[in-house]
Amino acid sequence: MIEKIVLFLLEQQGMLASRIEKLGKQRAILQEQPDISGIAELREAYREVGVDLIKLLKFVDLNATGIRKILKKFDKRFGYRFTDYYVTSRSNHPYSQLQQVFKHVGVGAVVGALSRNLAELQERQGSYLSIYDQPSAALKDPIIDMINSSVDKLTRSTNFLRFLGQHALILDEESPSTAGEEEIEDQKYHFMSLMLNLVNTFLYMVNTYIIVPTADDYSVSLGAASTVCGVVIGSMAVAQIFSSVYFSAWSNKSYFKPLIFSSIVLFLGNVCYAIAYDMNSLTVLIAGRLLCGMGSARAVNRRYISDCVPARIRMQASAGFVSASALGMACGPALAGLLQWKFKIYMVTFNQATLPGWVMAVAWLLYLVWLSISFKEPNRATEVNDATQNPASGQRVDIGQLENGLAQPLLTDSENKQNGDEDEEIDDSEEASEDSRKPATSIGSAYRLLTPSVKVQLLIYFMLKYAMEILLSESSVITNHYFSWNTSAVAIFLAILGLTVLPVNAVVGTYISNMFEDRQLLMVSQITLLVGIIFSFKVTRTYSAVQYVASALITFVSAEVLEGVNLSLLSSVMSSRLSRGTYNGGLLSTEAGTLARVVADCTITAAGYLGVGKLLNITLLPSLVICATSIACTFLTYNSLF
């Protein structure tokens, strides 16, 4: 049946393309001999093709709904969760007929040709200036808006943007299908508020990594061992485990208030971190980092993009979220390398250890002022207008025809009404389907939605975050012990590592992901990460900087590639019920990654008691074991990763 639908879809695409080609010949004649009445007739002919195209897209949507209902009915009758397996195993498989529906390259070409020609006729009428000569011109024809709305429901942006967006794990439960819903999204969206969320993400990542090059020296100046830097760095992640939950719950009611609270807490946390030097108190130092972790509003940033940014630009906003995180990760150590001054104002000391705290306190104070002035709380009480309005008068758009779609969808009224029993079963199936789309209401209910494939992906995410945290957090101690690097050298090294994030993602998202399946990239990147970890071990008397830097680059770049592929697969195999609510997929991935950072930083501090000379090998050993375990688990679930 699916093959029949796909063949019909391809046939209709060809017919639409043929009609557009014939209209193009008429348009070429009118270019030579302009005729106002002929232009109006040609524009109307293009619009008729547009109406038929929308009907074709509606046909695809109806049949996708039909497939869902059939699978839900199967689940109900046999008591087996076949739906998740069927969709995940076929959505990205190269031989699946569903690829023609999901990718619909032919439909995209038809949409592009129709939109361009209709827009030029609509805007220029008789002048025939190219639409590309005036790229800022708005496309006002309602047919184009309706086509774009239909296409947006079936597809999203380019591979690179999608690849970056999946790093954020901002999942869409369903795309908007009506003009009324899009209008509500536009009312909720505020560009400056989005920018404030992205700036919050950037500043938080800077705040996280700005202390890494100097945390060991700061710990020593307070009378502790250099390896206590693991606790100092990791205490922020400990608090983030709890803050992610209450910020996610708080964002169900407001976005402005949690962002205000976050900024205040981060300001106070950085002040505590800075004054700990003059107070000579390691307790105040760690308390400051705990306060910084309690101000982690990444859950709010994710939720704002997911709930308040229109679907047409949501993928770009998600990519911006990831880019802001990557840029903050690189800027943090680089900024620490610049803060090498030492002076006193009254009784307050400013040096390379305390300046990161003071700089970030000022940054959060300025951000708080900007937030108070510019943020706009979205209206959560907006209701959907059921009536679809036509913005232009004199245009013939038969909405009834568009709702009916083309003939022969998978589910028809006659099939639904064969007998009373069938009708009742379908209603019950629909009821179950509605329940199945409700978000998880607790950690327990979220955990029950995790399939073996999802659990493996979360394990991989834990592993890669653990390996990266070990590498980054102990870098200052290791490089000082073996190579006598100063703070500036460590800062440059960490900044270079951070700057590899976006170029690597660009190459993988634009080229490599088009050449190989995600599960293939997942396995290869894990093996490469394992090689990087093995190469990092000190097995001889001498340990060179070349070996350390090369192994660190292999480990870090492999982990970055793995993170993108891992979250790409996680977003496809995770239940749609985890796309909304407090206990969403983003929260689960954040908790897994944060827990990995906590365990890694505690491992560094614990291993430090055995001596700095043994620190490297002892901390790498758990990374090796966890990585090997994740590779084995990936191999066992390989066939379910689509």
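Glu563 counts as buried, because its relative accessibility is 8%. Buried here means under 20% relative accessible area, exposed over 50%, partly exposed in between, with a 1.4 Å probe and protein chains only. A word on the source: this is a predicted model, where local features need pLDDT of at least 70 and side-chain atom pairs count only at pLDDT 80 or more, while totals for chains, interfaces and linings use all residues. Residues are numbered from 1 along each chain as its sequence is written, and side-chain values use heavy atoms, without hydrogens and water.

Back to Glu563. What does Glu563 form with Lys465? A salt bridge, with the closest N and O atoms 3.5 Å apart. The cut-off: a side-chain nitrogen of Lys or Arg within 4 Å of a carboxyl oxygen of Asp or Glu. Glu563 sits in helix α26 (residues 545-573) and Lys465 in helix α21 (residues 452-473), so this pair ties together parts 98 residues apart in sequence. Helices are DSSP runs of H or I, at least four residues, strands are runs of E, at least two, and numbering starts at the N terminus. Lys465 is buried too, at 19%.

The structure holds six salt bridges. Take Asp307 and Arg303, 3.2 Å between the closest N and O atoms. They are four residues apart in helix α14 (residues 298-308), so about one helical turn separates them. Asp307 is buried at 16%. Arg303 is buried at 8%.

Next, Glu44 and Arg47, 3.8 Å from N to O. Glu44 is partly exposed at 24%, whereas Arg47 is buried at 2%. Arg19, Asp52 and Lys55 are linked in a network of salt bridges.

Now helix packing. At what angle do α12 and α16 pack? About 160°, with the axes 8 Å apart; the helices span residues 256-279 and 355-374. Axes are lines fitted to C-alpha atoms over the stretch in contact, and angles run from 0 to 180 degrees between N-to-C directions. The pair is therefore roughly antiparallel, the label for angles over 145 degrees. In the contact (heavy atoms within 4.5 Å), α12 residues including Phe256, Leu259 and Phe267 meet α16 residues including Trp358, Trp364 and Leu368.

Last, backbone. Ser484 has a positive phi of about 60° although it is not a glycine. Ser484 lies in the loop between α22 and α23 (487-499), and counts as exposed at 61%. Tyr346 also has a positive phi, near 60°. Tyr346 is in the loop between β1 (343-345) and β2 (348-350), exposed at 78%.

Technical notes: Angles under 35 degrees count as roughly parallel, over 145 as roughly antiparallel, 65 to 115 as roughly perpendicular and the rest as oblique.
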